[in-house]
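Dear colleague,

Here is the structure that I promised to hand over to you. Please open it beside this message, and then read on for what was found in it.

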Amino acid sequence: MVDITQIMRFDDLASKNSHVHNLEGRIKLISTIFIILVCVISKELFIPIILEIILLIILKIADLSYWDSAKRLLMLLPFGGAIIIFQPFIQPGNIIWTYSWLTVSDVGLNWAILLLVRMVVCLTAIIIYSSTTPLQEMASSFRKLKMPRDLAMILSIMVRFLFLFVDELASIRKSQKSRNFSIHSENTSYKWRVKQVGYTIGMMFLKSYEQGERVHKSMISRGFSDASEMFDEKKSPEKSDYLYLISIFIIAIILEYIILNYSGQLGYLGMNLAIN
């Protein structure tokens, strides 16, 4: 079982000092969304592959571990990979491989490759953003970009409560471990272990509810109401922030220009692999 307290390490990782970490939160969020949009609308492999190379360079500038980032990527891939893996078998086209009732078409295989590359690029961009931006800064960036006030308030409170939740769960697990409880132990019946896990989940729900009530009463006593606004630290983007964002835009424009004028010279990388 993965230790849930790793979320603390991720937030510490996002608070490091590097050129990418020091970028203004809105700039990082806008550039991440822009890269994802450019990648998703591309119909050729050339643009996503170049974007992935650029993201790997950014990963190096941010002083992030390639190995740790790759592990996070592999953990996320199965969520979309389950859909991608079926594409070669269900899309119509010229049959390039067959076995019994299974057939693989060229259109389906090309489409699956394009989807996989797109997904890798999008996940890499998200990993870089989450690894260089603390959770509270993420919530603040969404609010500054005009996220609805209620959603921004919920997100901000959730970020603060997340660490309390992790601390409480770590305390419960430590208490269970001190009493020699282990979900993987074979000395007790599986049914009993599952029941204890259920008790733990129920206890966490009760503690969360009680903590929520205490915090709400505390906020009310301090004048909180439906008209209250969330505090945003006033931090303006600097020249380096704008330079980073403009560089991303210029790279995207150059890539689109290359595809429009030289796609025929790029071979397979310049072919339209999308399903019409």
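The largest cavity of this predicted model is lined by Val20, Lys28, Ser31, Thr32, Ile35, Leu55, Ile58, Ala125, Ile128, Tyr129, Thr132 and Tyr244. A cavity here is a set of points, on a 1 Å grid over the protein atoms alone, where a 1.4 Å probe fits but cannot get out, and a lining residue has an atom within 4 Å of a point. The space in the largest cavity comes to about 100 Å³, where a volume is the space filled by probe spheres set on the points, with grid points joined across faces, edges and corners. Helices H2, H3 and H6 (106-132) each supply at least two residues of this lining; helices (H or I, at least four residues) and strands (E, at least two) are DSSP runs, numbered from the N terminus. Sorted by class, the lining has eight nonpolar, three polar and one charged residues, where Ala, Val, Leu, Ile, Met, Phe, Trp, Tyr, Cys and Pro count as nonpolar, Asp, Glu, Lys and Arg as charged, and the others, Gly among them, as polar.

Residues are numbered from 1 along each chain as its sequence is written, and side-chain values use heavy atoms, with hydrogens and water left out. Since this is a predicted model, local features need pLDDT of at least 70 and side-chain atom pairs count only at pLDDT 80 or more, while totals for chains, interfaces and linings use all residues.

Ser31 has its place in helix H2, and it counts as buried because its relative accessible area is 2%, where buried means under 20%, exposed over 50%, and partly exposed in between (1.4 Å probe, protein chains only). The side chain of Ser31 reaches the backbone oxygen of Lys28 at 2.9 Å. If neighbours within four places in sequence are left aside, Ser31 is in contact (heavy atoms within 4.5 Å) with Tyr244, Leu245 and Ile248.

Ser42 lies in the loop between helix H2 (25-41) and helix H3 (46-61). Is Ser42 buried or exposed? Ser42 counts as buried, because its relative accessibility is 3%. Its side chain reaches the backbone oxygen of Cys39 at 2.6 Å, and, when residues up to four places away in sequence are not counted, Ser42 touches Ile47, Pro48, Leu114 and Arg118.

In the loop between H3 and helix H4 (66-84) you will find Asp63, whose phi is near 60°, a positive value in a residue other than glycine. Most residues other than glycine have a negative phi. Asp63 is exposed, because its relative accessible area is 53%.

Two further residues are partly exposed. Leu102, in strand E2 (residues 102-105), counts as partly exposed because its relative accessibility is 27%, and, not counting residues up to four places away in sequence, Leu102 touches Phe89 and Trp97. Phe142, found in helix H7 (residues 135-144), is partly exposed because its relative accessible area is 28%. The C-alpha atoms of Phe142 and Ala152 are 7.0 Å apart in space, while the two residues are 10 residues apart in sequence. Leaving aside neighbours within four places in sequence, Phe142 is in contact with Leu29, Met147 and Leu155.

Finally, here is the chain as a whole. The chain has 10 helices and two strands, and from the N terminus on its elements run α-α-α-α-α-β-β-α-α-α-α-α. Of its 276 residues, 34% count as buried. Among contacts in the chain with a separation of 6 or more, 76% are accounted for by residues 24 or more positions apart.

With best wishes

Terms used. A polar contact is a pair of N or O atoms within 3.5 Å; within protein, one must be able to donate a hydrogen and the other to accept it, and residues adjacent in sequence count only if both atoms are side-chain atoms. On a 1 Å grid over the protein atoms alone, a cavity is a set of points where a 1.4 Å probe fits but cannot get out, and a pocket is an open set with protein on both sides within 12 Å along at least five of seven lines; lining residues have an atom within 4 Å of a point.
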